[in-house]
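Here is a short tour of one protein chain, written for someone meeting structures like this for the first time. Keep the picture open while you read.

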Amino acid sequence: MPETPASARALRLGVAGPVGTGKSSLIATVCRALGEELRLGVITNDIYTDEDARFLRSAGVLDPDRIRAVETGACPHTAIRDDITMNLLAAEDLERDFSPLDIVLIESGGDNLTATFSPALVDAQIFVLDVAGGGDVARKGGPGIGRADLLVVNKTDLAPYVGVDVPQMVADAAEAREGRAVLALSKHDAESVAALRAWVLSMLAAHRSGDHVPQDPGPMAPHFHADDEHPEGGFVHAHDEHEHADAEAHSH
Ligand SMILES: Nc1nc2c(ncn2[C@@H]2O[C@H](COP(=O)(O)OP(=O)(O)OP(=O)(O)O)[C@@H](O)[C@H]2O)c(=O)[nH]1
Ligand SMILES: [Mg+2]
């Protein structure tokens, strides 16, 4: 049997970004904005819990059965980039159980600035920053900030309280991204929610027409993992071709 072309199945849309920047809230916002007209599913990735899935189920924005949790253990990056099996199986299960779906949203485990999805797992990815993380974070770069399909500067309603100039932060981000899309968002600002909705719809249209080619934002930067069993209290590792040797050395 010929393989189903990617454009014939649901758009798989990844949502990554540092802890607490509003990934689950953004997914809830998309479900609220599009849940009536599109058939949606959600997969969350948490290290040890199904906290994000429970948050989204309790938000009541989607049939709870359409929200699945993948518990990644150890490094949440691995499950969205190096060994994506658990996520692929979860996406395929959702797509089969609720066939046909239009979009499967996949939330990465929140971590630092380095998480990116493998293009083998998602067709497109959103990277979420928030103003509370500081106005200069967009300038710090990294693969997600630089090359995700969309960079969201979230919680703009908080900007006056944290002294962040949103237009400046967006301009810095646009510069770091060489013109790729940047969206200032607040779940409390209907206009920005409408812009997010429009972006998701245009990405879905591009996916269906075959005009969108999944991009790899690039490898994650090396990062630190706390590990009580490690003599230095943790270790630094990267997700590149040396990963496997490194991973084995740390039984990670
Ligand atoms: N003021 C404001 N708060 C927001 C906004 N979006 C999210 N939040 C709040 O930010 C906090 C974290 O939001 P989450 O959506 O749980 O963030 P997350 O990125 O999924 O967090 P982790 O999965 O733990 O990494 C919550 O208290 C949200 O209510 C926003 O637009 N404005
Ligand atoms: Mg979350």
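How many of the seven residues of β2 are buried? Seven of the seven are, so β2 is largely enclosed by the rest of the structure. A residue is called buried if 20 or more other C-beta atoms lie within 10 Å of its own, exposed if 12 or fewer do, and partly exposed in between, with C-beta atoms placed from the backbone.

Before going further, a word on what you are looking at. This is a predicted model, in which local features need pLDDT of at least 70 and side-chain atom pairs count only at pLDDT 80 or more, while totals for chains, interfaces and linings use all residues. Residues are numbered from 1 along each chain as its sequence is written, and chains are lettered from A and ligands numbered from 1 in the order in which they are written.

**The overall picture**

The chain's secondary structure comes to nine helices and nine strands. Helices (H or I, at least four residues) and strands (E, at least two) are DSSP runs, numbered from the N terminus. Out of 252 residues, 43% count as buried. Among contacts with a separation of 6 or more, 72% are between residues 24 or more positions apart; two residues are in contact if their C-beta atoms, placed from the backbone, lie within 7 Å.

**The sheet**

Seven strands make an open sheet in the order β3-β2-β4-β1-β5-β6-β7, with parallel pairing. β3 and β7 (181-184) are at the edges with a single partner strand each, so one side of each has no neighbour in the sheet. From one strand to the next, the twist averages 20°. Two strands pair if DSSP finds at least two bridges between them.

| Strand pair | Bridges | Direction |
|---|---|---|
| β2 and β3 | five | parallel |
| β2 and β4 | five | parallel |
| β1 and β5 | four | parallel |

Let's zoom in on β2 (residues 40-46). L40, V42, T44 and D46 point one way from this strand, while G41, I43 and N45 point the other way. On the β3 side, N45 stands opposite V70, and T44 has A69 as its bridge partner. Towards β4, V42 stands opposite L105.

What about β3 (residues 67-71)? Four of its five residues are buried, so β3 too is largely enclosed by the rest of the structure. To get from β2 to β3, the chain passes through helix α2 (residues 51-59), and this β-α-β crossover is right-handed. That label applies if, with the strands pointing away from the viewer, the path from the first strand over the helix to the second runs clockwise.

Strand β1 also holds L11, which is buried with 23 other C-beta atoms within 10 Å. L11 and D102 are 91 residues apart along the chain, yet their C-alpha atoms are separated by 6.2 Å. Besides D102, L11 touches residues including I103, A124 and M203.

**A helix against the sheet, and the core**

Helix α1 (residues 23-34) reaches 16 Å from its first C-alpha to its last, close to the 16 Å expected. That expected span is 1.5 Å times one less than its number of residues. Nine of the twelve residues of α1 are buried, so this helix is largely enclosed by the rest of the structure; among them are K23, L26 and C31.

Nonpolar side chains tend to be buried together in soluble globular proteins. In this model, the largest nonpolar core has 59 residues, and L105 and V153 have the most contacts inside it. Such a core is a set of buried Ala, Val, Leu, Ile, Met, Phe, Trp, Tyr and Cys residues joined through C-beta atoms within 7 Å. Not counting residues up to four places away in sequence, L105 touches L13, V15, I27, V30, L40 and V42.

Most residues other than glycine have a negative phi, and most peptide bonds are trans. The peptide bond from S99 to P100 is cis, though, with omega near -5°. P100 lies in the loop between α4 (85-97) and β4.

K155 is not a glycine, but has a positive phi of about 65°. K155 sits in the loop between β6 and α6 (159-162) and counts as buried, with 26 C-beta neighbours inside 10 Å. E178 also has a positive phi, about 50°, without being a glycine. Its place is in the loop between α7 (166-176) and β7, and E178 is exposed, with 8 other C-beta atoms within 10 Å.

Terms used: Axes are lines fitted to C-alpha atoms, for helices over the stretch in contact, and angles run from 0 to 180 degrees between N-to-C directions.
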